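Hello,

Here is the structure I promised to pass on to you.

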Amino acid sequence: MLSPDLVETLLRQALKGGADFAEIYAERSRRRRMIVRSGRLEEAISGLDYGAGLRLFFGTEVVYAYTNQLTREGLQEALETLLRAKGALGQVDERGAGGLDFRKALPKGLHTPRTPYGEKDKRYRLERLLEAEAGARIAPEIRQVEASLQEWEQEVLIANTEGTWAEEKRVRTRLFVLAVAQDGTEVQTGYAAPGKSVGLELFDLFPPKEVGAKAARQALTNLRAKPAPAGTMPVVVGNAFGGVIFHEALGHLLETTSVAKKASVLADRLGEEVASPAVTYIDDGTLPHAWGSTEVDDEGHPTERTVLIERGILKSYMVDRLGHLLTGYPMTGSGRRQDYTLAPTSRMRNTFIAPGDKEVEDLIASVEFGLYAKELGGGQVKPGSGEYNFAVQEGYIIRHGRLEEPVRGAMLVGKGPETIRKVVAVAKDWENAPGMCGSLSGMVPVEVGQPHVLVSEIVVGGRA
């Protein structure tokens, strides 16, 4: 993508200008999207994007510039813009006099797809989407179905003045199905969206017809559901995407983006009990083919499995380079960015509660009256404090230890750091689910997850 000679020249110039550290991130990204709605192809688009970002550190002060001109002239102009902004253009610092000895890390192929990007033709993709659409037509109440496919191939190069030279090709594929059910004037929706760091073998892992049927079943369940009750009650939160509560209301509080500024209620609390002893909370960027996995982060640092909370005790934060400089905590391979137009910050990768030793049936059987939040939807979180509210996409009443009628319109309301202390039981059935997470460095792919967990009490907003 860029020659070592050009990269070394630019990085040495940055050091000559007085920078303590310099980094180049270059990227070439290809994307495809295809949408089928009610049996018709509505959209089929593809795009190519490429460019590079340069980041200079002057102590803990950071300046960043980017360009889509991957030429010597374009990159030189971006670098000079940064040096001029610091009043360092034309300076000569002896640190830039020597050569750089790049250590080139060879990709291990941990997440290499079985079906390379671009191997199948458009007709193959269209047929799979039509299968998903047909799979959702399980009842006459299903009035509309939309199925879409998103594919993404990203090639990155990260090099810096410490000698890092890392290259990686990342391929991700995701299938979305939205089903709309209607009975008279009542309209409800269901949704399913599996995704992995794989190619089109995603269709073997998640057969399109089954994905469509899952979305439809959820829509039909909500169509016959009664209004949810309101009050404070025990809640069994489902596995996989149920982990979104703790991702949003706890995980972000453990990123040095907020910890370094003391903007997190969990700052400076390493070694303290911050969660229930039943909870071990992990952020793992090494899970094979997981939606949020990479071999290196967007700073060129190897990704790792980071135990954040172990049996309730806070053990680590998620730390990028700037966070390391500001706090002294070791880097954890957590520097991520949406693309070359943004500087990286500390971000989650695949974050989940580790499996416990309980059966799901035992969690439900222990509840006299409460809510089973099988699937969660969207929500809101207040940064720093972890105050949240999340919609329950599919829910059921628990009565006398048994699942009863489905309910709709429920909202879970609370504070992440308080809710994690109220987890009284964790099941064995750990599963993750894909999502897109937004923060200072843009939208990045992540997985959220957990087994089923029982929370002793959560405020449930409802209409009944």
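**Cavity, pockets and helix contacts**

Strand β23 gives the most to the lining of the largest cavity, contributing three residues. Before going further, please keep in mind that this is a predicted model.

Let me stay with that cavity for a moment. The structure holds one cavity of 30 Å³ or more, and the volume of this largest cavity is about 90 Å³. Its lining is made of 14 residues, and Arg170, Asp298, Arg336, Arg337 and Pro445 are the ones that lie nearest the centre. Two or more lining residues come from each of β5 (142–160), β6 (164–183) and β23 (442–450). Sorted by class, the lining of the largest cavity has six charged, five nonpolar and three polar residues.

The largest pocket has a volume of about 1,000 Å³. It is lined by 40 residues, and if you want to find its centre, look for Ala193, Lys214, Phe241, Glu375 and Ala433, which lie nearest to it. Several elements give two or more residues to this lining, among them the strands β7 (186–192), β17 (369–382) and β18 (387–399), and the helices α5 (208–223) and α6 (244–249). Which element provides the largest share of the lining of the largest pocket? That is β22, with eight residues. By class, the lining of the largest pocket has 18 nonpolar residues, along with 11 polar and 11 charged ones.

The second largest pocket holds about 380 Å³ of space. Of the 15 residues lining the second largest pocket, His252, Glu255, Pro383, Gly384 and Ser439 are the closest to its centre. Here the elements that give two or more residues are α7 (256–259), β17 and β22. The lining of the second largest pocket divides into six polar, five nonpolar and four charged residues.

Now for the helices. Two packed helices are described by the angle between their axes and the distance between the axes. For helix α1 (residues 4–16) and helix α2 (residues 72–85), the axes come within 11 Å and cross at roughly 15°. Angles under 35 degrees count as roughly parallel, and α1 and α2 are therefore roughly parallel to each other. The crossing in which α1 passes α2 is right-handed. On the α1 side, the residues in contact are Leu6, Thr9, Leu10, Gln13 and Ala14, and they meet Arg72, Leu75, Gln76, Leu79 and Leu83 in α2. By class, the residues of this contact are six nonpolar, three polar and one charged.

The other pair to look at is helix α3 (residues 122–135) with α5, which pack at an angle of about 35° with their axes 6 Å apart. The crossing of α3 and α5 is right-handed. Where do the two helices meet? From α3 come Arg128, Glu131, Ala132 and Gly135, which meet Pro208, Lys209, Gly212 and Ala213 in α5. The residues of the contact of α3 with α5 divide into three nonpolar, two polar and three charged.

Happy exploring, and best wishes

Notes
Residues are numbered from 1 along each chain as its sequence is written. This is a predicted model: local features need pLDDT of at least 70, side-chain atom pairs count only at pLDDT 80 or more; totals for chains, interfaces and linings use all residues. Side-chain values use heavy atoms; hydrogens and water are left out. On a 1 Å grid over the protein atoms alone, a cavity is a set of points where a 1.4 Å probe fits but cannot get out, and a pocket is an open set with protein on both sides within 12 Å along at least five of seven lines; lining residues have an atom within 4 Å of a point. Grid points are joined across faces, edges and corners, and a volume is the space filled by probe spheres set on the points. Helices (H or I, at least four residues) and strands (E, at least two) are DSSP runs, numbered from the N terminus. Ala, Val, Leu, Ile, Met, Phe, Trp, Tyr, Cys and Pro count as nonpolar, Asp, Glu, Lys and Arg as charged, and the others, Gly among them, as polar. Axes are lines fitted to C-alpha atoms, for helices over the stretch in contact, and angles run from 0 to 180 degrees between N-to-C directions. Angles under 35 degrees count as roughly parallel, over 145 as roughly antiparallel, 65 to 115 as roughly perpendicular and the rest as oblique. A crossing is left-handed if the near helix is turned anticlockwise from the far one by less than a right angle, and right-handed if clockwise. Contact means heavy atoms within 4.5 Å.
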